[in-house]
Amino acid sequence: MGDQLMVNRRYQQVRPRSEMMLLPQFLEICLAEDSPVRVIDEFVDALDLAALGFRHTDAYSGAGQPAFEPALLLKLYLYGNLHRVQSSRRLAAEARRNVEVKWLCQEAAPSYRTIAGFLKHNETALRAVNRQFADLCRDFPLICSSSVAHDGC
């Protein structure tokens, strides 16, 4: 009798994995207007990173790939703090798969070594920005007042 009930049951329709699917061409379409990544983007764009002491890697010398801008890596770092993603490997994975992070990083996908190097070489500046961002988050409904931001570096 149990087998009979399963035969007559209808399930949600799913697409075959091999079927072609059209995704939106613009990441802007996929991102909600009230997404916290918009706050991160505006916050970092308003900062004077040189005055805060962020170090930029040497100018592009033609060997290898050019460096990522510190602003992009800082946005990724703040996203990680907001969403409790502290591992440079997990942040690199988020940049490849998460639509919000793709929007935030403008589809750039730095490697985990690039992220780890940025965190290592900018510890003091990151602490200062993390404090400012935590204050901003309290003003906006991004974190509750009982949340505590902890920076592992």
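The following questions and answers go through a predicted model.

Trainee: Which helix holds serine 88, and is serine 88 buried or exposed?

Mentor: Serine 88 has its place in helix α6, which covers residues 88–97. Its relative accessible area is 15%.

Trainee: Which residues is serine 88 in contact with, leaving aside its neighbours within four places in sequence?

Mentor: Neighbours of serine 88 within four places in sequence are left out here. The contacts that remain are Tyr112, Ile115 and Ala116.

Trainee: Where is arginine 38, and is arginine 38 buried or exposed?

Mentor: Arginine 38 belongs to helix α3, residues 36–46. The relative accessible area of arginine 38 is 16%. Because that value is under the 20% limit, arginine 38 counts as buried.

Trainee: What is arginine 38 in contact with, leaving aside its neighbours within four places in sequence?

Mentor: The list again omits neighbours within four places in sequence. For arginine 38 it consists of Glu28, Leu31, Ala32, Glu33 and Trp103.

Trainee: What separates the C-alpha atoms of alanine 71 and leucine 49?

Mentor: Alanine 71 is in helix α5, residues 70–82, and is buried at 16% relative accessibility. Alanine 71 and leucine 49 are 22 residues apart along the chain, and their C-alpha atoms are separated by 7.4 Å.

Trainee: How are α3 and α9 placed: parallel, antiparallel, perpendicular or oblique?

Mentor: Two packed helices are described by the angle between their axes and the distance between the axes. The axes of α3 and α9, the latter being residues 123–139, come within 12 Å and cross at roughly 130°. Angles from 65 to 115 degrees count as roughly perpendicular and those over 145 as roughly antiparallel, so α3 is to α9 oblique.

Trainee: Which residues meet between α3 and α9, and how many of them are nonpolar?

Mentor: From α3 come Val39, Ile40 and Phe43, and from α9 come Val129, Gln132, Phe133 and Leu136. The residues of this contact include no charged ones and one polar one; the nonpolar ones number six.

Trainee: What is the handedness of the crossing of α3 and α9?

Mentor: The crossing in question is the one at roughly 130°. For α3 and α9 it is right-handed.

Trainee: How many disulfides does a search of the whole structure find?

Mentor: Cysteine 105 is buried, at 1% relative accessibility. Cysteine 137 is buried too, at 2%. For the whole structure, the number of disulfides found is zero.

How values were computed
Residues are numbered from 1 along each chain as its sequence is written. This is a predicted model: local features need pLDDT of at least 70, side-chain atom pairs count only at pLDDT 80 or more; totals for chains, interfaces and linings use all residues. Side-chain values use heavy atoms; hydrogens and water are left out. Helices (H or I, at least four residues) and strands (E, at least two) are DSSP runs, numbered from the N terminus. Buried means under 20% relative accessible area, exposed over 50%, partly exposed in between (1.4 Å probe, protein chains only). Contact means heavy atoms within 4.5 Å. A disulfide is a pair of cysteine sulfur atoms within 2.5 Å. Axes are lines fitted to C-alpha atoms, for helices over the stretch in contact, and angles run from 0 to 180 degrees between N-to-C directions. Angles under 35 degrees count as roughly parallel, over 145 as roughly antiparallel, 65 to 115 as roughly perpendicular and the rest as oblique. A crossing is left-handed if the near helix is turned anticlockwise from the far one by less than a right angle, and right-handed if clockwise. Ala, Val, Leu, Ile, Met, Phe, Trp, Tyr, Cys and Pro count as nonpolar, Asp, Glu, Lys and Arg as charged, and the others, Gly among them, as polar.
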